[in-house]
Amino acid sequence: MAISRIARTGAIVAAATLALTACSTGTGGDGASGDCAPSDGPVTLTFTSWLPGVEEAVAIWNEENPDIQVNVQTGPNGLGGTYQNFFNQLAAGNAPDLGQIEYDAMPNFRVQDGLENIAACEGILDARSQFVDWTWSQVTFGEENAVYAIPQDTGPMAMFYRADLFEEAGIDVPTTWDEYRAAAEAIREEGGYITNFSQSDINQFAGFVWQTGGQWFSNSGDEWQVNLTGDESLMVAEYWQGLLADDLVSANPPWTDEWNAAFNNSEVWTWVSAVWGANTILSGAPDTAGNWAVAPMPQWEAGASAAGNWGGSTTAVLKGSDHPYEAAQFALWLNTDADALTAMNRTAQIYPATIEGANLPVFTQGVEFYGGQEIYQVFAEAGTNVDPNFVWGPTMTQVYNDVADGFSGAISGTGTLMDALTAGQQSTIAALRAASIPVQE
Amino acid sequence: MSAQTAPARTKGRSSVQESIASRVLAMAVMAIATLYFLTPIWWLFVASTKTRGQFTTTAPLWFADFNLFENIQALFDYRNAVFLRWLLNSALYAGLGAALATLFAAMTGYAIAKYTFWGRNALFNVILGGVLVPATALALPLFLLFSQIGATNTYWAVFLPSLVSPFGVYLSRIYAAASVPDEIIEAARIDGAGEVKTFFTVSTRMLAPALVTIFLFQFVAIWNNFFLPLIMLRDEALFPVTLGLYVWNTQVSQIPDIRALVIIGSLLSIIPLIITFLGLQRFWQSGLANGGLK
């Protein structure tokens, strides 16, 4: 399958590749200049999403819009198979009208010409002001007159910590990464670990680099630049390598029983994670209810307020949709309507990408598990401090896998995190070239 | 086998001792193998009986509070018993699919074994080649084919490809050649039975052990087939249980609680396989023994 995908990419490349700045060939080939007209008569759209219970939000729309009915299709999460299904369907010409695509997969779909430009559709360009700043650049790729998806949810990062343990041990809650290391040493003396380093899920590390202002990818319009080994990335890698070398952080594989247990039995004291991590801890460490709190991410410079992001999806209109106008209207409604967002938060615990979304009642209440703290206010603040210039590359699956291999090696004593990034840099350039995507050496 | 042949080859007083030693060794190997295969199932069963909190806090291989039935109830309550629907889908894909696949394989294998016609060996060799092609490799071409006729995301997209069993054809041919005597077919013809009637009333009786084997193999293959449904199906109502559980498992980071449902669901999803095996192995054993006597 990988071979067919590469072959297909090669074919498409001539038409679409570089074109992160060129204008897209929309349905009429006219770019964004007004070729997004409503269809005549009733329309039925298909929408593929792996969000649990998204049918409930869609049902609200279907009730209000009898002429634009949306059928929900489902599947595993993107990397679990749905992205590959999208590519298969795009090749076979039967892709759904709308699909859920995470931010880090968007460039892959753009490079393979799998997305409709919906900028010309009514109200889409104007919607920009409703969304958290950084999310919009993720769906436009910085192109003029281009919108390839509507942001759905985000994963602004902050620090979950055991307020009770910090207080008992008399350790100050760290606000900078230097203090974080000092706290790590103090906690190690108490017999615990300050946190668990995510060896196999590179997204957390990417979030740290994002916070630091690093850039893994950029696109000059005619070729990609890969920069996994930039100063910021190396600084973050060296920091964590130091913690690992001195046995100040544990390295359980994330999302496993032992990883949950380490939170539950108070061995691990903090987790710098995204907003959705609130439910991960709640579910995985039930015995610690009431003892957690949330603070902003530690900073590289005292007094700064930079945050990273970990996760989040968009709703994209896939290439070949017969009804881009209606699809765009639905995508915009789904991700801005208060009822829809509330429903999706109830069933799938999403954190909306809209500015207004942070003010939904569910996000302005104290959370019992976190000692009654209004934790979502911390994340809303973090969301506004996420660097809007971070760009994902077109082969993120490969990047994650390769870097994760190197990280796992570093944890078992072969090489360092910095070596892993260097190796990842080379393999990423090779992967881009193998996919006929122009890349700077 | 080794336990039987060992005494014959050895001589003198040591024969009894050695036979005991080799028997103990064989038993030990089998005990280890049994332990190896049953431990994950034991873990699954134990994990299925625990509450969410006990899951990470108690010993993984021993019981805490016995919550099995509450967990099953929660599984069936989740999303309007969609899990029950998946189980029924799997039963339909695997049960009906394996039955028809067995019938087609038996007819084809029997025809190749018992009738002389032009291209017989070529046909058999092509089918034999099919045994070598993994089903996974065919999933994407099948998707593109079904796309052309607009039949993806339908029951047929998973059901039709399940009806083909090259291995079944191979087994039927070998078994038919060995255990259905030409004389009996001749006798049936003389008594006035047509070819079809001969096949169904006379030959299938003698093929029974092979048929049971093919059915079991195909049933397990379809039940466990995951890749084809993954590529073909988008509608949750059509999912087999393997795909459904996989989809849930990918949602764990969004809804951590769903993990408990994946575990209890996995336990329930292997029960039909166990029942099928235990129910059919009776025919299997007696059939193989009969074959040995001939």
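Leaving aside neighbours within four places in sequence, A:T428 is in contact with A:F217, A:V226, A:L228, A:T395, A:Q398 and A:V399 in this predicted model. The residue belongs to helix α16 of chain A, which covers residues 417–434. A:T428 counts as buried because its relative accessibility is 0%, and the cut-off for that label is under 20%. Two polar partners can be picked out around the side chain of A:T428. One is A:Q398, whose side chain makes a polar contact of 3.2 Å with that of A:T428. The other is the backbone oxygen of A:G424, found 2.6 Å from a polar atom of the A:T428 side chain.

Chain A is divided into domain 1 (2–154 + 310–363) and domain 2 (158–308 + 390–434), with 29 Å between the C-alpha centres of the two. Where these domains of chain A meet, 17 residues of domain 1 are in contact with 25 residues of domain 2. Together the two domains of chain A bury about 1800 Å², and carbon and sulfur atoms account for 63% of that area. Zero salt bridges are found across this interface between domain 1 and domain 2 of chain A, while four residue pairs, both members at pLDDT 80 or more, are in polar contact. On the domain 1 side, α4 (106–111) and α5 (133–140) of chain A each supply at least two residues. By class, the domain 1 side that touches domain 2 of chain A has 11 nonpolar, five polar and one charged residues.

About 2600 Å² is buried between chain B and chain A, 52% of it on carbon and sulfur atoms. Of the area that chain B buries against chain A, B:T56, B:R234 and B:Q254 supply 25%, more than any other three residues.

Two salt bridges are counted between chain B and chain A. A:D257 forms a salt bridge with B:R259, in which the closest N and O atoms are 2.9 Å apart.

Key: Residues are numbered from 1 along each chain as its sequence is written. Chains are lettered from A and ligands numbered from 1 in the order in which they are written. This is a predicted model: local features need pLDDT of at least 70, side-chain atom pairs count only at pLDDT 80 or more; totals for chains, interfaces and linings use all residues. Side-chain values use heavy atoms; hydrogens and water are left out. Helices (H or I, at least four residues) and strands (E, at least two) are DSSP runs, numbered from the N terminus. Buried means under 20% relative accessible area, exposed over 50%, partly exposed in between (1.4 Å probe, protein chains only). A polar contact is a pair of N or O atoms within 3.5 Å; within protein, one must be able to donate a hydrogen and the other to accept it, and residues adjacent in sequence count only if both atoms are side-chain atoms. Contact means heavy atoms within 4.5 Å. Buried area is the accessible area (1.4 Å probe) that two parts lose on being put together, summed over both. A salt bridge is a side-chain nitrogen of Lys or Arg within 4 Å of a carboxyl oxygen of Asp or Glu. Domain bounds come from an automatic or database domain assignment. Ala, Val, Leu, Ile, Met, Phe, Trp, Tyr, Cys and Pro count as nonpolar, Asp, Glu, Lys and Arg as charged, and the others, Gly among them, as polar.
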